Amino acid sequence: PDNIESSIQTNLITKKLVSKYFIDRPSDSNKGTFGKTFVIGGSENYVGAVGFAAGAAYRSGVGLVTIAVPREISSMVATAVPEATVMPIDFFSGDTHPNITVDTRSIYEAVSGYSSLLFGCGIGLSRQSGRMLEDLVLSKMKLPSVVLDADGLNLMSKVTNWWERLPCGTLLTPHPGEMSRLTGIKISEIQSDRQYFCKYYAQKWNTTIALKGANTVISSPSGETWISPWFDPVLAVAGTGDVLSGLIVGFMAQGVSVEESAILAVYVHGLAGDHFSKTVGGSGMFASDLLRLLPMCIESLKKETICEI
């Protein structure tokens, strides 16, 4: 009956649903037409994460990506992703700088001209990174739409009542371990009812959550929930989460809403993994393999055709 449909808040993500989320790309466009994404992350132990995220943002169709990383790895990142612009970040601590200092003001001034912000990929758990999270993302500064991923979430879990300080329009992308740290609930319990916990905390924290894993669950603050049809173990490899976050923030920069960006990115990401699994094999995929498949998967969805690449 028609009156029942309006009360249903759980949706399966389908090709038909996501195909209408893409923005038009006029023939007289320039790089400014499709937004700009700012990625903050990286550390000496995790140089590749920001590269995967930036590459995925570009593959989503965004016009420009800037990566802000610690100065000591900036040249490596610039070489790995020559298409992106790179902003070196200086961290100070020790005898000459007794207080941890991060030039947050310069970062904020740079971010203010961008359409979306991704924080956390490969950033590590240093005190300097934690300070930057609090002084930038959890401050009262006006920011573009924010995606928080990886160690950005782990750092945030250490901040008391962090959800009260989140910018409006923030998306969290935890895997079960990160969700456990954010909530204090055991991973096994979260995994036993992923839909419930994702929906409950999206409402409690008043933010959108994409709980990653087999059949990724996305919930909005209103309680509306979307479930991915994909559950391929080929995606269970380091770096694929960074690719997903980059896709999300790239779609957001182009003007797609927060929830729709998450839904669209999760479906495209899973479709690329499914294609690799069917054509190459069920294991052995690099995160960089996903980057090469993304444009073809996106194009197949725009045409509402079965992805036969």
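Is Lys 278 buried or exposed? Lys 278 counts as exposed, at 65% relative accessibility, where exposed means over 50% relative accessible area, buried under 20% and partly exposed in between (1.4 Å probe, protein chains only). The model is predicted, so local features need pLDDT of at least 70 and side-chain atom pairs count only at pLDDT 80 or more, while totals for chains, interfaces and linings use all residues. Residues are numbered from 1 along each chain as its sequence is written, and side-chain values use heavy atoms, with hydrogens and water left out.

**Salt bridges**

- The structure holds 6 salt bridges, a salt bridge being a side-chain nitrogen of Lys or Arg within 4 Å of a carboxyl oxygen of Asp or Glu.
- Side chains of opposite charge can pair when their charged atoms come close.
- One of the salt bridges joins Lys 212 to Asp 149, with 3.1 Å between the closest N and O atoms.
- This pair links distant parts of the chain, 63 residues apart: Lys 212 is in the loop between strand S10 (208-211) and strand S11 (217-219), and Asp 149 is in the loop between strand S8 (145-148) and helix H7 (151-156).
- Helices (H or I, at least four residues) and strands (E, at least two) are DSSP runs, numbered from the N terminus.
- Lys 212 counts as buried at 11% relative accessibility, and Asp 149 counts as buried at 1%.
- Lys 278 forms a salt bridge with Asp 274, the closest N and O atoms being 3.1 Å apart.
- Lys 278 and Asp 274 are separated by about one helical turn because they are 4 residues apart in helix H12 (residues 258-279).
- Asp 274 counts as buried, at 15% relative accessibility.
- Asp 289 pairs with Arg 292 in a salt bridge whose closest N and O atoms are 2.3 Å apart.
- Both Asp 289 and Arg 292 belong to helix H13 (residues 287-302), where they are 3 residues apart, about one turn of the helix.
- Asp 289 is buried, with a relative accessible area of 14%, whereas Arg 292 is partly exposed, at 48%.

**Helix H12**

- The 22 residues of H12 should span 32 Å at 1.5 Å a residue, and its end C-alpha atoms are 32 Å apart, which agrees; the expected span is 1.5 Å times one less than the number of residues.
- H12 is largely enclosed by the rest of the structure, because 17 of its 22 residues are buried.

**Cys 168**

- Cys 168 lies in the loop between H7 and strand S9 (170-172).
- Cys 168 is exposed, with a relative accessible area of 79%.

**Pocket and cavity**

- The largest pocket contains about 730 Å³ of space; on a 1 Å grid over the protein atoms alone, a pocket is an open set of points with protein on both sides within 12 Å along at least five of seven lines, and a cavity is a set where a 1.4 Å probe fits but cannot get out.
- Grid points are joined across faces, edges and corners, and a volume is the space filled by probe spheres set on the points.
- The largest pocket is lined by 30 residues (each with an atom within 4 Å of a point), and His 175, Lys 212, Val 237, Thr 240 and Gly 241 lie nearest its centre.
- H7, helix H11 (240-253) and H12 each give two or more residues to this lining.
- A search of the whole structure finds 1 cavity of 30 Å³ or more, and the largest cavity has a volume of about 60 Å³.
- Residues lining the largest cavity include Phe 22, Arg 25, Leu 264 and Lys 302.
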